[in-house]
Amino acid sequence: MRITRLDAPGYERVERAEDPETGLVAFISVHSTTLGPALGGMRLWPYRSEDEALDDVLRLSRGMTYKSALAQTGLGGGKSVVIADRDQKTPALFEAMGRFIEQFGGVYVTAEDVNVTVDDLRAVRRSTAHVCGLTTAEGGGGDPGPYTAYGCFLGIRESLRMATGSGLEGRTVAIQGTGSVGQELGRRLAGEGARLVVADLNEANVERVVEELGAVAVDPEEIYDVDCAAFAPCALGGVLNDDTIPRLRCAVVAGAANNQLLDEERHSEALRARGILYAPDYVINAGGIVNVACELVAGGYDEDVALERIERIPVALREIFAAAEARGLTPQAAAQHLAETALARGRPEAST
Ligand code: NAD
């Protein structure tokens with residue numbers, strides 16, 4: 001395996017690995033370990049170029065730093081991406097990825113992300129111990145997806161209450177992406193009486209929520225035009241941009257996808273100018289990382305502790321919305337300010 005260290009100003013350590021034997025081409029980015037080991041999932045995606053993959057891993061790892069800082073997980077921010085299609089997944093590929101992770105000596109700890117399952121992580125675990133998100137029987141906290149969905153559900157409900165003063169009963173929520181998080185989010189929303197409009201490139205995933213929850217499916221390109229109370233991006237990043245923001249017909253954007261704003265400053269301002277309340281993605285989607293972080297606490301994983309911490313997400317959102325209003329900032333800028341303040345304070349034990 002050939003491992004190359006890359007120059008990335010503002011990042012602690014970024015490396016590229018290529019393993020001709022297994023076909024692995026991957027990047028690991030450790031953005032910050034100021035608050036603890038850099039924990040962040042592994043994404044497998046058929047990126048069109050290595051530049052695109054590198055750009056993604058950099059943005060995602062930085063987002064993890066802020067997410068963990070605000071969720072007070074005691075962790076730093078990192079991420080890994082593997083350039084591959086789902087049908088190229090093999091145990092050997094993930095074992096090679098485990099060897100790459102092992103080189104970081106615990107500075108980077110991985111977990112699931114898009115296209116990477118608990119089974120895949122089991123293969124990674126054969127080469128490194130620095131893996132979270134395995135099943136409870138294996139000492140883990142299980143797939144973080146449902147926990148992310150729970151936090152996201154609580155966050156949508158809170159954001160809607162802040163923006164409109166009412167609850168979910170009879171309101172429409174448009175979900176973009178009905179994968180691991182989107183499906184469970186749909187179940188929780190439907191359980192509270194919301195109507196669902198959904199879109200996904202994967203037809204089987206759409207059919208499941210249509211059949212199980214009575215959701216209405218629309219073409220993936222039309223999800224931005226749906227007249228709804230809340231739009232919940234739960235697919236990929238960059239979906240809030242110059243083309244899509246003018247089309248939105250919602251009071252709230254609140255979803256699980258990472259890096260939803262194509263340009264954080266400009267597009268968070270554009271949402272505010274349209275009177276749409278935006279729940280910063282790395283705050284509302286912290287349920288998964290909070291659950292995973294509970295694997296690393298003394299005494300081991302306890303689901304009750306994880307759920308109680310996830311239930312703080314709406315509280316954090318409320319604080320961010322209030323800070324944004326008081327200081328004339330967008331919620332995104334207010335969240336960033338709070339995260340940077342936490343980073344500047346450093347680890348609690350470092351300051352005593
Ligand atoms: P997933 O792979 O299970 O689901 C993603 C779904 O989005 C898939 O069904 C895919 O077909 C669909 N999709 C992709 N492009 C699309 C498009 N253009 N239009 C409509 N659908 C599209 O992933 P997931 O675990 O559900 O995660 C969803 C998002 O939430 C990702 O951005 C992920 O990074 C983020 N996230 C996930 C977690 C977690 O715990 N799983 C935690 C935090 C953030």
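1. A cavity is taken here as a set of points on a 1 Å grid where a 1.4 Å probe fits but cannot get out. The model under review is predicted. By this rule, 2 cavities of 30 Å³ or more are counted.

2. The largest cavity holds about 50 Å³ of space. Its lining consists of Leu-60, Gly-63, Met-64, Lys-67, Asn-258, Asn-259, Asp-281 and Tyr-282. Two or more of these lining residues come from each of the elements α1 (50-71) and α8 (281-284). Of the two, α1 gives the largest share of the lining, with 4 residues.

3. Ala-71, Gln-72, Thr-73, Val-290, Ala-293 and Arg-309 form its lining. By class, 3 of these residues are nonpolar, 2 are polar and 1 is charged.

4. The domain assignment divides the protein into domain 1 (2-67 + 74-131) and domain 2 (145-286 + 315-335).

5. Taken over C-alpha atoms, the centres of domain 1 and domain 2 are 27 Å apart. To the contact between them, domain 1 contributes 12 residues and domain 2 contributes 11 residues.

6. The size of an interface is often expressed as the accessible area lost when the parts come together. Between domain 1 and domain 2, the buried area is about 900 Å². Carbon and sulfur atoms give 46% of this area. On the side of domain 1, Arg-59, Tyr-66 and Lys-67 supply 54% of the area buried against domain 2, more than any other three residues. Lys-67 is also among the residues that line the largest cavity.

7. How many salt bridges does the rule find across the interface of domain 1 and domain 2? The rule finds 1 salt bridge across this interface. Separately, a salt bridge joins the side chains of Arg-62 and Glu-264, with an N to O distance of 3.4 Å.

Methods. Residues are numbered from 1 along each chain as its sequence is written. This is a predicted model: local features need pLDDT of at least 70, side-chain atom pairs count only at pLDDT 80 or more; totals for chains, interfaces and linings use all residues. Side-chain values use heavy atoms; hydrogens and water are left out. On a 1 Å grid over the protein atoms alone, a cavity is a set of points where a 1.4 Å probe fits but cannot get out, and a pocket is an open set with protein on both sides within 12 Å along at least five of seven lines; lining residues have an atom within 4 Å of a point. Grid points are joined across faces, edges and corners, and a volume is the space filled by probe spheres set on the points. Ala, Val, Leu, Ile, Met, Phe, Trp, Tyr, Cys and Pro count as nonpolar, Asp, Glu, Lys and Arg as charged, and the others, Gly among them, as polar. Domain bounds come from an automatic or database domain assignment. Contact means heavy atoms within 4.5 Å. Buried area is the accessible area (1.4 Å probe) that two parts lose on being put together, summed over both. A salt bridge is a side-chain nitrogen of Lys or Arg within 4 Å of a carboxyl oxygen of Asp or Glu.
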